[in-house]
Amino acid sequence: MLLAIDCGNTNTVFSIWDGETFLCTLRTSTHHARTADAYFTWYSTLVKHYGIKADITDVIISSTVPRVVFNLRVFADRFFGCRPLVVGRPECLLPQPPRVDAGTQVGPDRLVNTAGAFDRHGGNLIVVDFGTATTFDVVGHDGGYEGGVIAPGVNLSLEALHMAAAALPHVDIAKPQHVVGTNTVACMQSGVFWGYVGLVREICAQIKAERDQAMNVIATGGLAPLFQQTEALFDAYEEDLTMHGLTVIHRYNKENAT
C-alpha cells in the first residue's frame, strides 16, 4: 500500500492508496515543528478510528513547505521502514520534465497536478488550483508542465481586505445572491466572488489566445466547487487531483526504477 502525502501551505493531507482506490483521506494543519512521532500518533489514531488495516510499503511526498519534509521523511523511515519519494528531488522521476526557464524551481504541487490531470484528461490543459494561492498550470500535449500563472488565493484576498481596512470584517467566501450588495458583507463577498470569476475566465482566455489552440480547463482545490456553479468556467472538476497525481508519479518511478 502507498501512503501519499500532500503538504500545502495551510493543510497537510495523507491518503492511503491500495492500488485501486483511496481507502481514506486524513487532513491536518501544516506546522513545520510537528515531529515524526507527532505525525504517527495523529495518523495511527485516525486509522484505528476508521477501522482501516493499512500495511504501508511505500510513501510519496509533495510539499510546498520545505521545512516539513525532514520530519516527514523520518516519519516514513521510522514507522514504515521505507525511504519516501519526494517530488522535486532529483531521485524522483517525472513522466515528462518541466519545460521552464533554466534554474526555475517548479512547485511540487504543480508538477503533481500536471501528472494527475494528464493521466485523466490527456494533454493541452489548463489546471486551475484554488489553494492558498490560485494557480494556473499549462499541461502540454505530451503531459509536460509548460509554465503557468500564480495569483493570490481567494481566502488570502479576503484576509488582506480584513487586515488592511479596519472597518471591514472577516467574512467567508460565498456566491452572493446579487452582484450589488446592500450590506458590507455582501459587498465584500460579491467583489471577491465575481472578481475571481473574471480573473479565472480572463486568464484562461489569454492562455488559450497566446497558445492559439483549444484547451480544456480542469479545476481542483477546496473552493473549486463554489466557482463551478457559475457559467461553465471549467470543463471538469477533480476533487482528488493532487493525490491521484502522486499515485501516477509513484507508479512511474516503480516502473522505471534502475
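Two strands are taken to pair if DSSP finds at least two bridges between them. Helices (H or I, at least four residues) and strands (E, at least two) are DSSP runs, numbered from the N terminus. The model is predicted, so local features need pLDDT of at least 70 and side-chain atom pairs count only at pLDDT 80 or more, while totals for chains, interfaces and linings use all residues. Residues are numbered from 1 along each chain as its sequence is written, and side-chain values use heavy atoms, with hydrogens and water left out.

Strand β4 (residues 58–63) and β5 pair in the parallel sense over two bridges. Within this pairing, Ile61 has Val86 of β5 as its bridge partner. Both strands belong to an open sheet of five strands with mixed pairing, in the order β3-β2-β1-β4-β5. The edges are held by β3 (22–29) and β5 (85–86); each has a single partner strand, so one side of each is left without a neighbour in the sheet. In general, strands of a sheet pair through backbone hydrogen bonds, either parallel or antiparallel.

Two helices lie across this sheet. Contact here means heavy atoms within 4.5 Å; axes are lines fitted to C-alpha atoms, for helices over the stretch in contact, and angles run from 0 to 180 degrees between N-to-C directions. Helix α1 (residues 36–49) lies across β1 (2–7), β2 (11–17) and β3, at about 135° to β3. Helix α7 (residues 241–255) lies across β1, β2, β3, β4 and β5, at about 125° to β1.

Charged side chains give further links. A salt bridge is a side-chain nitrogen of Lys or Arg within 4 Å of a carboxyl oxygen of Asp or Glu, and a search of the whole structure finds nine of them. One joins Lys254 to Asp58, with the closest N and O atoms 2.9 Å apart. This pair links distant parts of the chain, Lys254 being in helix α7 and Asp58 in strand β4, 196 residues apart. For accessibility, buried means under 20% relative accessible area, exposed over 50%, and partly exposed in between (1.4 Å probe, protein chains only). Lys254 is exposed, at 52%, whereas Asp58 counts as buried, at 19%.

Arg120 forms a salt bridge with Asp240, the closest N and O atoms being 2.8 Å apart. Arg120 is partly exposed, with a relative accessible area of 33%, and Asp240 is partly exposed at 25%.

A further salt bridge joins the side chains of Arg211 and Glu146 (2.3 Å, N to O). Arg211 lies in helix α5 (residues 184–211) and Glu146 in strand β8 (residues 145–152), so the pair ties together parts 65 residues apart in sequence. Arg211 counts as partly exposed at 28%, and Glu146 as partly exposed at 23%. Salt bridges that share partners join Arg99, Asp142, Glu146 and Arg211 into one network.

Asp129, in strand β6 (residues 125–130), is buried yet has no salt bridge. Lys and Arg count as positive and Asp and Glu as negative, with His and the chain ends not counted; the nearest side chain of opposite charge to Asp129 is Arg110, 7.8 Å away. Leaving aside neighbours within four places in sequence, Asp129 is in contact with Asn113, Thr134, Thr135, Thr220 and Gly221.
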